[in-house]
Structures are given as structure tokens and as C-alpha cells.
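Please read this briefing beside the sequence and the model. The points below are grouped by topic.

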Amino acid sequence: MDCSKQLRNPQAEEQQIHQWQTKSELSAYSVHDQSRRSANYKPNIWKYDFLESLNSKFDGECYLIQMQKLIKDVKKLFVECKESDVIAKLELIDSIRKVGLNNHFEQEIKAALDAIASAELKNNSNPCISSEGDLYAAALFFKILRQQGYQVSQDIFGRFLDEMGALKKSTSGNVKGMIELLEASNLAFEGEDILEKAQAFLIATLRDTNTMWDEIDSSISKHVTCSLELSSQRRVQWFNVKWHIKAYEQNRTNQPYMTTLLELAKLNFNVVQATLQKDLREASKWWYNLGLTKNLDFARDRMVECFMCAVGLAFETDHKSFRKWLTKVINLILIIDDVYDVYGSLEELKHFTRAVERWDVMETEQLPECMKICFQVLYNTTYEIAYEIEEENGWNQVLPHLCKVWADFCKALLVEAEWYNEAYTPSFEEYVSNGYISSSASLIFTHAFFATKHEEGVDDSLHMNEDLVYNISVILRLLNDLGTSAAEQERGDAASSILCYMREMNVSEEIARKNIKSMIDYAWKKINENCLTRNPKISSSYINITTNIARVGHILYQDGDGFGDQEQGTRALIQSLLVEPLS
């Protein structure tokens with residue numbers, strides 16, 4: 001693979017793409033008269049003219065000035081909070097995080113938590129963990145300190161639970177505390193049995209509690225439903241901001257500071273949305289001008305969903321270039337995945353894989369014109385991204401790393417194509433050892449790594465994060481299978497992890513799905529260990545971006561195939577996130 005060439009200005013490549021497209025249009029009949037599979041994906045629902053029309057009044061200097069004033073007002077709240085009122089300070093930090101404002105108050109949050117953690121270590125007199133403290137206070141304390149990477153022990157919950165992990169009678173009626181403990185339990189590391197037992201008990205108990213509509217407040221009931229559906233640790237924080245803002249507005253027992261905080265949160269959401277709309281319009285123009293949908297009509301046309309995924313990784317306004325690059329990468333992942341899953345013959349896929357491995361356009365000479373175009377777009381776009389990353393972030397030799405992960409991805413897809421053609425069902429272990437690469441998480445991770453700035457060296461950092469990337473990749477692979485296996489089985493695709501597990505273990509689909517969900521839970525514990533223990537060499541922002549790869553997977557596949565079925569999948573989220581402002 002020759003990726004050592006000097007990077008060229010990406011504009012020089014555009015003419016060649018148009019030449020390929022013209023050839024493809026001329027030979028369209030010769031391509032389509034062959035017998036090809038079809039996934040029967042529905043047409044894209046997000047029209048170009050609609051995306052071009054998106055415009056927000058919050059894209060103005062006056063709103064930024066208003067935001068800065070409100071940020072100063074909220075900063076005063078940290079000073080006004082009494083040093084002894086630990087719970088009030090923790091609730092303020094929790095609220096800031098839930099409404100999507102923590103990036104504006106990183107210094108204040110760190111100073112407050114440093115003081116809280118220091119006091120706890122010095123004299124063990126913290127009211128959240130003292131014998132007088134209640135379950136809610138202890139769980140809130142644990143959750144927030146662990147989220148921020150502080151050392152905190154599960155042992156603080158010992159006095160609330162019996163040996164079986166059930167809550168003692170004295171605390172069993174504290175629904176608010178139970179919700180916090182459930183959220184805290186999803187931050188557990190491997191081997192933290194107290195949290196594991198507590199989680200099993202809480203899930204069963206809260207499901208029962210949530211049916212007692214007359215006995216608990218409706219706002220608490222909504223929080224119970226939300227936590228049981230998917231914990232906050234596994235949710236993309238920005239995707240849930242609107243929900244939390246509306247929940248706080250409906251809750252009449254809010255702290256006095258919530259009026260100011262919510263005013264800032266709503267303005268911040270609208271200002272961020274205005275930036276995202278501009279980014280989306282640019283992405284839409286790129287996709288429209290590329291013209292791939294005319295030539296690759298077998299593939300998913302899902303640019304807006306790809307952009308949504310990029311937003312899920314990094315929503316902040318200063319990550320504009322990051323979103324642009326990752327939107328392109330995720331788009332190409334979908335297209336190439338469909339080339340392997342749906343369109344290409346095995347012989348064609350071998351040629352395509354060899355072209356990617358060698359990074360050589362000449363290797364595509366024997367391929368159908370649409371596959372030539374696909375490779376040319378991959379080739380040019382990767383050069384373009386590497387060139388822009390080196391210009392903006394100061395990295396050197398980005399291209400060889402990007403070439404390698406694309407080659408690894410295509411080789412993994414080729415293995416799955418070979419399994420399909422041979423009607424071969426691999427062992428579960430064999431499937432996962434290939435599937436964690438075909439999940440595309442490591443490909444996304446590598447692009448995300450170079451799309452952000454770091455102090456540490458490339459090789460050290462990539463090696464340091466191998467275990468984290470593996471567990472994120474496994475989660476993405478298994479979530480994908482849980483959400484898409486029914487549709488894939490219907491059209492006769494290669495075996496998924498569910499089918500491999502069923503055949504190897506001789507169990508029903510229900511049991512296979514249950515055990516695969518347990519594997520996802522285990523992988524999350526490993527991720528927690530990697531991400532929630534402080535490493536001064538890696539920024540918390542970058543760790544959050546990386547972990548968001550798994551979180552986006554949960555959003556995409558919790559109700560089925562978020563890419564394949566737009567109506568049932570992500571439409572409502574995209575409408576809320578990118579179209580509708582908060583009033």
C-alpha cells in the first residue's frame with residue numbers, strides 16, 4: 001500500500017470523479033443487467049431543498065453576547081453555594097451536565113469537585129457518605145465524582161443494602177435515591193459486585209414501582225422510565241438535552257438557580273443548533289455535488305443520519321471541521337458496507353479490497369463503473385481529509401494511518417462476504433474477532449483521533465487506547481446485530497452474532513439476545529475502567545468523543561435499524577436536534 005505520497009490539494013481530484021461519473025451514466029445498462037442483490041432500502045426522506053432552507057435567527061452576535069452574560073451569572077452560583085452544602089453543589093453540577101452546559105463551566109466544576117473529594121479523603125465527614133446521609137445523596141456523590149474520573153468506592157452503598165443487594169426497608173421507599181443508584185450502578189467497573197447486585201434489584205423494583213402511578217410523582221415516573229430504557233452513561237448527552245430542559249421546567253420543586261440555568265440552556269441549545277444547521281447545509285452540498293446516489297442506487301442514501309452521528313461524537317461549536325470529516329467518513333462506511341453486503345460479486349470484492357490495500361486506482365480496472373466511482377471517492381476523500389487535518393491540526397503522516405484502517409475494514413467485510421458465499425456459519429468467537437473490525441468503530445476512532453489535537457505521540461496514544469477501542473467496537477458490532485439481524489436474515493445476509501451464538505450454544509433466539517446484551521454490559525464495565533480513571537495524558541473531551549461512538553450505537557439500534565429505516569429510527573431525533581429550536 002503506497003500512502004507515502006505527498007498530499008495533494010483535494011480540488012485537483014474533482015475532475016477525475018466527474019469523468020468516472022460520466023462513464024458510469026453511459027454504462028448504466030451494462031451494470032444493471034447483471035443479477036444483483038437488493039436490500040430494498042427506502043428512498044431518503046431528507047430532501048436537498050429542505051436542508052438548504054434550514055436557517056436560524058440564533059446565528060447572530062447578539063445571542064453570543066447574551067450567552068456570555070448568562071454564563072457569568074451561572075458562575076456566580078458556584079460562589080454563592082455554601083462550602084458546607086455539598087448536596088446543593090452536586091445538584092448544580094448535575095443539572096449543568098444534564099442541560100448540556102458542562103463545556104462552559106469545566107474549571108468551576110473541577111474546582112468544586114476537587115474540594116469535595118479532598119474533604120472526603122481528609123476526614124470522611126462528607127454528609128453524602130456519612131452514616132446520617134441518605135441514599136440519594138450518596139448515589140449522587142458517587143455518580144458525579146466517578147463521571148469526572150475521581151476515585152470513589154462502591155463501599156459507600158454498603159449500609160443501604162443487604163447481602164443479596166436488596167435495599168434495606170429504611171431506604172426502599174426513596175424512589176429518587178433509587179434512580180440515582182441505578183444511574184451510579186451503570187458506572188461500575190468489573191468486579192464491583194455491590195453495584196452489580198444493586199442494579200439487578202433496582203431494575204426489578206423500579207419496574208414494579210413505575211406501575212404504581214398514584215403513588216409516585218409523574219415527573220419521577222418519567223425519570224424511572226428513562227433510566228430503565230437506557231442509562232445516562234450509555235446515552236449521547238447532547239441528544240437528551242431537550243428532554244432534561246423540559247423535565248426541569250415541569251418540575252415545580254426546582255432550586256432557585258434553575259431559572260437562570262434554564263434560560264442559558266435554552267439559548268445555548270438554539271445557538272448550537274444554528275451552527276449545526278450551517279454545518280448540515282455544507283455537508284448536504286458536498287453530498288449533492290458528489291452525485292453518488294445517481295450511480296450507487298443500491299446503497300443507503302443517509303447523509304443526514306451520518307451527520308447526526310458526527311454530532312453525537314462532538315456537538316460543540318468549535319468542532320466544525322471534526323463533524324465535516326466524520327460525516328464524510330461515516331457516509332463512506334455505509335456506501336462501502338452496501339457494496340460488500342448487497343452489490344459486489346465475490347470476485348469483484350476481492351479486486352476492490354486489493355485496490356484499497358494497495359491504495360491504487362489501477363487495481364479497479366476490472367470492476368463495474370459504480371465500484372470504480374466508489375473507490376475513487378474513497379481515495380480522493382481520504383486524501384482530502386488527511387490534507388486538511390495536517391493543515392489544521394499540525395499532524396504529520398496522517399494518510400498512512402487512514403489508509404490502514406480503511407484496508408482493515410474492507411478486509412473484514414470481505415471475510416463476511418466469503419462466509420456468505422460459502423454458506424458458512426462461523427463460531428461466535430470467530431465472528432466477533434472479525435466483526436469488531438467490520439463494525440467500523442476502529443475506523444471512526446482513528447479518524448476522530450487525528451481530527452482532534454493531542455499532546456502525546458501517535459503510536460503511544462493509539463496503543464494506549466487499544467483495549468478501549470476493542471470494547472467500543474464489540475459493543476457497536478453487537479448492537480448493530482441486535483437491531484438489524486431480523487431484516488438481514490429476511491434478505492439472506494451472512495450470519496450475525498445472534499445466529500452464530502444460537503447454533504454454537506444450541507439455544508433460542510431469546511436466550512442468545514439476552515446473553516449478547518450481557519456481553520454489552522460487560523464491555524461497558526471495561527470502558528468505564530478505561531474512561532473513568534484519570535489519565536493526565538488524555539483529555540476528558542477526547543475520551544468523551546471516543547466513548548460517544550458506543551453511545552451513538554445505542555441510539556441507532558435500540559429500536560431497530562436507525563440507518564435502514566428512517567421513519568422508525570432517527571427521524572424524530574433529527575427533527576428535534578437539527579430542525580426545531582427551543583422556545
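This is a predicted model: local features need pLDDT of at least 70, side-chain atom pairs count only at pLDDT 80 or more; totals for chains, interfaces and linings use all residues.

Residues are numbered from 1 along each chain as its sequence is written, and side-chain values use heavy atoms, with hydrogens and water left out. The secondary structure of the chain comes to 26 helices and zero strands, where helices (H or I, at least four residues) and strands (E, at least two) are DSSP runs numbered from the N terminus. Of the 583 residues of the chain, 58% count as buried; buried means under 20% relative accessible area, exposed over 50% and partly exposed in between, with a 1.4 Å probe and protein chains only. Among contacts (heavy atoms within 4.5 Å) between residues at least 6 apart in sequence, 76% join residues at least 24 apart.

- Leaving aside neighbours within four places in sequence, Trp-406 is in contact with Val-329, Leu-332, Ile-333, Ile-336, Val-356, Leu-378, Thr-382, Leu-443 and His-447.
- In soluble globular proteins, nonpolar side chains tend to be buried together.

**Helix packing**

- The axes of α20 (441-450) and helix α25 (residues 540-557) come within 10 Å and cross at roughly 155 degrees, where axes are lines fitted to C-alpha atoms, for helices over the stretch in contact, and angles run from 0 to 180 degrees between N-to-C directions.
- Helices α20 and α25 are therefore roughly antiparallel to each other, on a scale where angles under 35 degrees count as roughly parallel, over 145 as roughly antiparallel, 65 to 115 as roughly perpendicular and the rest as oblique.
- The contact is made by Ala-441, Ile-444, Phe-445, Ala-448 and Phe-449 of α20 and by Tyr-542, Ile-545, Thr-546 and Ile-549 of α25.
- These residues of the contact of α20 with α25 divide into eight nonpolar, one polar and no charged, where Ala, Val, Leu, Ile, Met, Phe, Trp, Tyr, Cys and Pro count as nonpolar, Asp, Glu, Lys and Arg as charged, and the others, Gly among them, as polar.
- Helix α23 (residues 497-505) packs on helix α24 (residues 509-531) at an angle of about 115 degrees, with their axes 9 Å apart, and α23 and α24 are therefore roughly perpendicular to each other.
- From α23, Ser-497, Ile-498, Tyr-501 and Met-502 meet Glu-509, Ala-512, Arg-513, Asn-515, Ile-516 and Met-519 in α24, and the residues of this contact divide into six nonpolar, two polar and two charged.

**Covered helices**

- Helix α8 (residues 175-185) is mostly covered, with 10 of its 11 residues buried; among them are Glu-180 and Glu-183, together with Leu-181 and Leu-182.
- In helix α11 (residues 241-250), the residues Val-241, Lys-242, His-244, Ile-245, Ala-247 and Tyr-248 are buried, and what covers the buried residues of α11 includes α5 (86-98), α10 (218-229), α12 and α26 (571-579).

**Individual residues**

- Ala-423 has a phi near 55 degrees, a positive value in a residue other than glycine; Ala-423 is placed in the loop between α18 (398-422) and α19 and counts as exposed at 69% relative accessibility.
- Ser-440 likewise has a positive phi, of about 80 degrees, although it is not a glycine; Ser-440 is placed in the loop between α19 and α20 and is buried, with a relative accessible area of 6%.
- Asn-434 is found in helix α19 (residues 428-438) and is buried, with a relative accessible area of 11%; not counting residues up to four places away in sequence, Asn-434 touches Ala-412, Val-415, Glu-416 and Trp-419.
- Gln-68 lies in helix α4 (residues 61-80) and counts as partly exposed at 45% relative accessibility; Gln-68 and His-104 are 36 residues apart in sequence and 9.7 Å apart in space, C-alpha to C-alpha.
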